[in-house]
Amino acid sequence: MPSHTPTQKAAIQQFIGITNAKESAAAKQLKNNNWNLQNAVNAFYQSSNASSTPSHAEQSLNKLFDRYRENAKEEPDSIGVQGCMHYLGDLGLSLEEPVVLAVLTELDAPTMGELARKGFVEGWKELR
């Protein structure tokens, strides 16, 4: 494996944490996207949709969704405010950025700072 800078190693770990991808896939996707985490994550899910069966993409997105749920027993299909803030932070987004509104709109967020499973999974699948 090629040597990576500490910043690149951190980006690889963030990418793995967000996508559950293997380290080699994370490094490749990040390198192909000039080490931009957000672009690499988007490209990863777009390529999963293009080259895999939809069930694989859905499975990955559902696993990702589950990582940010706060109350899995009572609200299995909902990410609350804290989980949403954590997710957006992992994407490298600050809540003050206008792009957050676009992301939440694309993911069909029921309210500001909350995400529903269906909107999350379908929203990322449709973004190509």
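**Contacts, rings and a pocket**

Mentor: Let's start with Gln29: leaving aside neighbours within four places in sequence, Gln29 is in contact with Phe15, Ala40, Ala43, Phe44 and Ser47. Keep in mind that this is a predicted model.

Trainee: Noted. Where is Gln29 placed?
Mentor: Gln29 sits in helix H2, which covers residues 23–32.

Trainee: And is Gln29 buried or exposed?
Mentor: Gln29 counts as buried, because its relative accessibility is 15% and the cut-off for buried is under 20%.

Trainee: Let me jump to Val41. What does Val41 touch?
Mentor: Not counting residues up to four places away in sequence, Val41 touches Phe15, Ile18, Thr19 and Leu91. Val41 belongs to helix H3, residues 37–51, and is buried at a relative accessible area of 2%.

Trainee: How far apart are Val41 and Pro6?
Mentor: In sequence, 35 residues separate Val41 and Pro6, and in space they are 19 Å apart, C-alpha to C-alpha.

Trainee: Okay, aromatics. How many aromatic pairs are there?
Mentor: The count comes to 4 aromatic pairs. Take Phe15 and Phe44: their ring centres are 5.5 Å apart and their planes stand at 85°, so the pair is edge-to-face. That pair links distant parts of the chain, with Phe15 in helix H1 (residues 6–19) and Phe44 in helix H3, 29 residues apart.

Trainee: What's the relative accessibility of Phe15?
Mentor: Phe15 comes out at 0%, so Phe15 counts as buried. Phe44 is buried too, with a relative accessible area of 13%.

Trainee: What about Tyr68 and Tyr87, how are they arranged?
Mentor: Tyr68 and Tyr87 form an edge-to-face aromatic pair, 5.0 Å centre to centre with 70° between the planes. Tyr68 lies in helix H4 (residues 54–68) and Tyr87 in helix H5, so this pair ties together parts that are 19 residues apart in sequence. Tyr68 is buried at 2% relative accessibility, and Tyr87 is buried with a relative accessible area of 1%.

Trainee: Which residues form the aromatic cluster?
Mentor: One cluster is formed by Phe65, Tyr68, Tyr87 and Phe120.

Trainee: Switching to H6, which of its residues are buried?
Mentor: In helix H6, residues 99–106, the buried ones are Val100, Val103 and Leu104. Looking down the axis of H6, its buried residues fall within an arc of 95°, so they line one face of the helix.

Trainee: What covers the buried residues of H6?
Mentor: The cover includes helix H5 (81–90) and strand E2 (115–116).

Trainee: Last topic: how much space lies in the largest pocket?
Mentor: The largest pocket holds about 190 Å³ of space. Its lining has 10 residues, and the closest to its centre are Thr19, Asn20, Phe44, His56 and Ser60.

Trainee: Which elements give two or more residues to that lining?
Mentor: Those are H3 and H4, and H4 gives the most, with 4 residues.

Trainee: And how does the lining split by class?
Mentor: The lining of the largest pocket has 2 nonpolar, 6 polar and 2 charged residues.

Technical notes: Residues numbered from 1 in each chain as written. Predicted model: local features only at pLDDT ≥ 70, side-chain atom pairs only at ≥ 80, totals over all residues. Heavy atoms only, no water. Buried < 20%, exposed > 50% of the residue type's maximum accessible area, 1.4 Å probe, protein only. Contact = heavy atoms within 4.5 Å. Arc of directions from axis to C-beta. Phe/Tyr/Trp six-rings, centres within 6.5 Å; stacked < 30°, edge-to-face > 60°. 1 Å grid on protein atoms, 1.4 Å probe; cavity = no way out; pocket = protein on both sides within 12 Å on 5 of 7 lines; lining within 4 Å. Points joined across faces, edges and corners; volume = space filled by probe spheres on them. Nonpolar A, V, L, I, M, F, W, Y, C, P; charged D, E, K, R; others polar.
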